[in-house]
Amino acid sequence: MVNVPPPFIPGAFVGAEHHYRARVYFEDTDLSGIVYHANYLRYMERARSDMLRIAGIDQRAAMEGGEGSWAVTDLAIKYRSPAKLDDDLLVVSTVEAVRGASVIISQRILRGTDTLSGETLTVGQVTAAFLSPEGRPRRQPAGWADRFTAIMNGETFPC
């Protein structure tokens, strides 16, 4: 018998929401055991990257193919309550708007593992623009806007 760990599945879609689980490790905290403020942005970034990967939006192929890459162009974040060492966190992401060269994603970080009983710790909204290799805004690759619209509408689609 081979002892193989289960596949790594940190995130999944639940209707129009993407749920991403994380845990607070010692390296995420300051000396008081509270999550350092910039690390909430890391949790949100990981959740967005996971959401895109699951939706079949291949960022790496776009970069390597010379099409371009995403860049955060606007960010708003509000801290409500601190996360602490060893907390289970849930990052919930929803697509709010889809444009030709950008997408707006709202995110919230909860303490706990479900949206009904979890305490909201942080809320944020991110605008990401697709940029050419020269750094100029350009339309998203074919089909990506359709994927984001499907996510926003809670549609299921093959990945």
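## Reading a predicted fold

Modeller: Let's start with the parts list: the protein chain has three helices and six strands, where helices (H or I, at least four residues) and strands (E, at least two) are DSSP runs numbered from the N terminus. This is a predicted model, where local features need pLDDT of at least 70, side-chain atom pairs count only at pLDDT 80 or more, and totals for chains, interfaces and linings use all residues. Residues are numbered from 1 along each chain as its sequence is written, and side-chain values use heavy atoms, with hydrogens and water left out.

Biologist: In what order do the elements of the protein chain run from the N terminus on?

Modeller: The order is β-β-α-α-β-β-β-β-α.

Biologist: How do I read strand pairing, say for strand 4 and strand 5?

Modeller: Two strands pair if DSSP finds at least two bridges between them. Here strand 4 (residues 88-98) and strand 5 pair in the antiparallel sense over nine bridges, and a hairpin joins strand 4 to strand 5 through three residues. To find your place, look for V91, which stands opposite I109 in strand 5. Strand 5 also pairs with strand 6, again in the antiparallel sense, over ten bridges; there L110 stands opposite T120 in strand 6.

Biologist: How many residues of strand 5 are buried?

Modeller: Buried means under 20% relative accessible area, with exposed over 50% and partly exposed in between (1.4 Å probe, protein chains only). Eight of the ten residues of strand 5 are buried, so this strand is largely enclosed by the rest of the structure. Over the protein chain, buried residues make up 38% of the 159 residues.

Biologist: What about cores: which residues have the most contacts inside the largest nonpolar core?

Modeller: A nonpolar core is a set of buried Ala, Val, Leu, Ile, Met, Phe, Trp, Tyr and Cys residues joined through side-chain atoms within 4.5 Å. The largest one has 14 residues, and those with the most contacts inside it are I57, W70, V95, V103, W144, F148 and I151. Helix 1 (37-54), strand 5 (102-111), strand 6 (119-131) and helix 3 (144-152) each supply at least two residues of this core. Helix 3 gives the largest share, three residues. There is also a second, separate core of 13 residues, and Y20, A22, Y40 and I109 are among them.

Biologist: Now the rings. How do I describe an aromatic pair?

Modeller: You give the distance of the centres and the angle of the planes. Rings of Phe, Tyr and Trp (its six-membered ring) pair if their centres lie within 6.5 Å; planes under 30 degrees apart count as stacked, over 60 as edge-to-face and the rest as tilted. A search of the whole structure finds six aromatic pairs. One of them is W70 with F130, edge-to-face at 5.4 Å centre to centre and 75° between the planes. W70 lies in strand 3 (residues 69-79) and F130 in strand 6, so the pair ties together parts that are 60 residues apart in sequence. Both W70 and F130 are buried.

Biologist: Which angle separates the planes of F130 and W144?

Modeller: For F130 and W144 it is 80°, with 5.4 Å centre to centre, so to speak another edge-to-face pair. F130 sits in strand 6 and W144 in helix 3, 14 residues apart. W70, F130, W144 and F148 form one aromatic cluster.
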